[in-house]
Amino acid sequence: MNRRIMDLALEEAIWAAERGEVPVGAVIVCNGEIIARAGNRTREHHDVTAHAEIVAIRSAAASLKNERLSHCDIYVTLEPCAMCAAAISFARIRRLYFGAEDVKGGAVVNGGRFFDSPACHHAPDIYSGIGEFEASKILTEFFQQKRM
């Protein structure tokens with residue numbers, strides 16, 4: 001686990017919030033090198049699949065010219081949803097580090113728990129709570145501002 005990498009994911013989340021996106025950020029590291037980083041871009045791209053994890057996975061796969069990211073780790077500020085958990089599985093990402101749990105939409109330790117499903121072909125090692133306070137704060141402040 002590398003807190004500095006999670007700090008970069010938190011930075012991506014802040015930038016996503018500044019664009020009016022739900023503030024989630026992701027960073028992918030392969031062999032100690034950052035190969036992709038992204039924030040949510042669903043509104044900007046008019047694409048419901050443009051979650052931070054998906055955007056980062058697409059970028060990492062393009063960078064490596066390989067859809068398999070088996071030597072890579074992903075850092076995400078929020079527990080991935082079912083779609084993103086499936087993408088992490090299909091990409092064969094080695095480790096998942098995430099900050100805040102998502103009791104409504106998460107699918108790793110909450111909800112459908114995708115990696116425990118028989119439909120899951122690969123489950124990464126999972127580490128939660130890294131940067132949880134900061135990630136939760138960014139999300140809470142974003143939604144408080146939206147309600148005003």
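Where is Glu-79 found? In this predicted model, Glu-79 occupies the loop between S3 and helix H4 (82-90). The residue is buried yet forms no salt bridge, and the nearest side chain of opposite charge, that of Arg-113, is 7.4 Å away. The side chain of Glu-79 reaches the backbone nitrogen of Asp-102 at 2.9 Å and makes a polar contact with the side chain of Asn-110 at 2.7 Å. With residues up to four places away in sequence not counted, the residues touched by Glu-79 include Phe-98, Ala-100, Gly-106, Val-108 and Val-109.

The strands are considered next. Five of them form an open sheet of mixed pairing, in the order S2-S1-S3-S4-S5. Strand S2 (33-39) and strand S5 (125-128) are the edge strands, each pairing on one side only. From one strand to the next, the twist averages 15 degrees. Strand S1 (residues 25-30) and S2 run antiparallel and are joined by six bridges; Ile-28 stands opposite Ala-36 in S2.

Two helices are described in relation to these strands. Helix H3 (residues 52-64) lies across S1, S2 and strand S3 (72-78), and runs at about 145 degrees to S2. In H4, the buried residues are Cys-84, Ala-85, Ala-86, Ala-87, Ile-88 and Ser-89. The buried residues of H4 pack against H3, S3 and strand S4 (95-100). Arg-92, which follows H4, has a positive phi, near 65 degrees.

A search of the whole structure finds eleven salt bridges. In one of these, the side chains of Arg-37 and Glu-11 meet at 2.6 Å, N to O. This pair links distant parts of the chain, with Arg-37 in strand S2 and Glu-11 in helix H1 (residues 3-18), 26 residues apart. Arg-37 is partly exposed, with a relative accessible area of 32%, and Glu-11 also counts as partly exposed, at 32% relative accessibility.

A salt bridge also joins the side chains of Arg-19 and Glu-44 (3.5 Å, N to O). Because Arg-19 lies in the loop between H1 and S1 and Glu-44 in helix H2, the pair ties together parts that are 25 residues apart in sequence. Arg-19 counts as partly exposed at 33% relative accessibility, and Glu-44 is partly exposed with a relative accessible area of 40%. Arg-19 is also one of the residues in contact with Arg-41 when neighbours of Arg-41 within four places in sequence are left aside, the others being Glu-21, His-46 and Ala-50. Arg-41 lies in the loop between S2 and helix H2 (42-45) and is partly exposed, at 22% relative accessibility.

Within helix H5 (residues 132-147), the side chains of Glu-141 and Lys-137 meet in a salt bridge of 3.9 Å, N to O. The two residues lie four residues apart, about one turn of the helix. An α-helix has 3.6 residues a turn, so residues three or four places apart point the same way. Glu-141 is partly exposed, with a relative accessible area of 39%, as is Lys-137, at 43%. Salt bridges that share partners join Arg-3, Asp-7 and Glu-134 into one network.

Definitions and conventions. Residues numbered from 1 in each chain as written. Predicted model: local features only at pLDDT ≥ 70, side-chain atom pairs only at ≥ 80, totals over all residues. Heavy atoms only, no water. Pairing = 2+ DSSP bridges. Axes fitted to C-alpha atoms, helices over the stretch in contact; angles between N-to-C directions. Contact = heavy atoms within 4.5 Å. Buried < 20%, exposed > 50% of the residue type's maximum accessible area, 1.4 Å probe, protein only. Lys, Arg positive; Asp, Glu negative; His and termini not counted. Salt bridge = Lys/Arg side-chain N within 4 Å of Asp/Glu carboxyl O. Polar contact = N/O pair within 3.5 Å; in protein donor to acceptor, adjacent residues only side chain to side chain.
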